[in-house]
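Hi,

Here is the structure I promised to pass on. Have a look at it first, and my notes follow below.

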Amino acid sequence: DWGAPKAQPARAPSGPPPKAAPAAEAPKPKAPPKNFFEAKQREDPAIAKAPAPQKEPERDPDAGMKVKKWIPMSERNPEKFKKNSKEIMDAPKKKTTKLAPLPFKPRVYPSDVPASPSGSETPIEKMLGSFLYKNVKFERVTINAAMQGQDILCLYFGASWRSGCKAFHQGLIDFYKMTSKDCNLELVYISADRTMFEFKDIYNRFPFLAMPTGTVDLKNQLTKDFKVVDMPVLVILNAQTGNLISLNGVEEVSNIPSRDRQFAQDLVNEWKTRKSVPVKPPGAKGGGAAPAASNGAKPAAASSVKASGGKAPEASTSATSGAGVGKKEKKGLLFWKKS
């Protein structure tokens with residue numbers, strides 16, 4: 001039959017015989033779990049079906065940020081802007097209550113009192129030199145003329161660039177005006193200003209004396225004697241003997257109520273009754289007042305003057321404690337060459 005296919009004879013396989021299947025290998029031990037989640041997966045099969053937590057991809061901080069253009073309020077809401085501006089302009093301005101300066105007539109120093117000859121200087125002249133400035137024009141007055149008839153001498157260590165001094169200046173000026181004439185008090189400004197311009201700018205406001213420029217050695221010696229480590233510092237001395245009364249003048253003057261003349265005068269009278277000690281006790285090496293003079297020292301109880309009816313308390317421990325004890329001397333603040 002032409003349409004039926006013819007059967008083909010079977011052929012033997014050609015080539016090498018097929019290789020036998022390899023024997024089953026022993027299961028490898030499982031590695032320890034990498035984390036807590038993988039360990040729980042091995043213990044509970046239900047957890048194995050849950051997908052493992054994936055780390056969040058690191059985001060680009062600048063990606064997808066839209067920078068909005070700032071539109072001023074005058075363009076966003078012109079009516080509201082005009083209304084607010086008018087309210088601000090029409091609002092009454094707050095007046096700052098600035099105290100007027102106290103009336104004060106500068107002291108007239110005698111001009112016929114000469115400086116002491118060399119070798120017979122007074123204790124104050126040994127500290128401050130022979131002359132002082134009495135105004136910003138650099139008019140000079142002798143120490144003997146300035147100390148004539150005075151009981152209390154205050155040495156003010158300060159500078160125009162120190163923030164603490166700026167806050168203390170107005171109170172110090174008022175204190176001097178209220179007590180200088182009635183209580184026989186004199187005050188000397190020991191400047192640590194860096195330039196002559198700074199010195200003139202601040203000394204133009206002061207009604208008291210100042211140490212002349214070019215007295216760097218004397219200023220540095222004073223800072224060592226009174227251990228001045230910070231400013232402002234107000235040292236209280238006996239104007240005739242030069243003995244130390246207190247190192248805490250800044251705190252005591254700061255505690256005076258605003259322009260309380262009677263309180264200020266009671267404080268000065270209380271200084272006069274305190275026990276004073278020599279700045280350099282005889283036989284003491286290095287010398288100097290015992291505690292370090294700084295604006296962080298503890299204030300004396302000035303308020304006790306009024307409470308006790310003018311009765312003087314015991315001698316201030318700030319001036320007597322440790323004076324003359326052979327302790328290691330602290331180095332004081334060193335002034336600039338041009339001060």
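Some housekeeping before the rest. This is a predicted model, in which local features need pLDDT of at least 70 and side-chain atom pairs count only at pLDDT 80 or more, while totals for chains, interfaces and linings use all residues. Residues are numbered from 1 along each chain as its sequence is written, and side-chain values use heavy atoms, with hydrogens and water left out.

Back to helix α7, residues 163–179. Buried here means under 20% relative accessible area, exposed over 50%, and partly exposed in between (1.4 Å probe, protein chains only).

Next, strand β3. Seven of its seven residues are buried, and both faces are covered: I152, C154, Y156 and G158 lie on one side, with L153, L155 and F157 on the other. β3 pairs with β4 in the parallel sense over seven bridges (two strands pair if DSSP finds at least two bridges between them), and Y156 stands opposite Y189 in β4. The chain crosses from β3 through α7 to β4 in a right-handed β-α-β crossover, that is, with the strands pointing away from the viewer, the path from the first strand over the helix to the second runs clockwise. β3 also runs antiparallel to β6, joined by six bridges, and there the bridge partner of Y156 is L234.

L234 deserves a look of its own. Its relative accessible area is 0%, so L234 counts as buried. Leaving aside neighbours within four places in sequence, its contacts include Y156 of the chain as well as F168, L172, L187 and V253. The C-alpha atoms of L234 and I190 are separated by 10.0 Å, although the two are 44 residues apart along the chain.

The peptide bond from M231 to P232 is cis, with omega near 5°, and P232 sits in the loop between α9 (216–225) and β6. K227, in the loop between α9 and β6, has a positive phi of about 50° although it is not a glycine. R259 is not a glycine either, yet has a positive phi of about 55°; this residue is in the loop between α10 and α11. Is each of these two buried or partly exposed? K227 is buried at 8% relative accessible area, whereas R259 counts as partly exposed at 26%.

Finally, T142 in strand β2 (residues 140–142) is buried, with a relative accessible area of 10%. Its side chain reaches the backbone oxygen of V113 at 2.9 Å.

Best wishes

Conventions: Helices (H or I, at least four residues) and strands (E, at least two) are DSSP runs, numbered from the N terminus. A polar contact is a pair of N or O atoms within 3.5 Å; within protein, one must be able to donate a hydrogen and the other to accept it, and residues adjacent in sequence count only if both atoms are side-chain atoms. The expected span of a helix is 1.5 Å times one less than its number of residues. Contact means heavy atoms within 4.5 Å.
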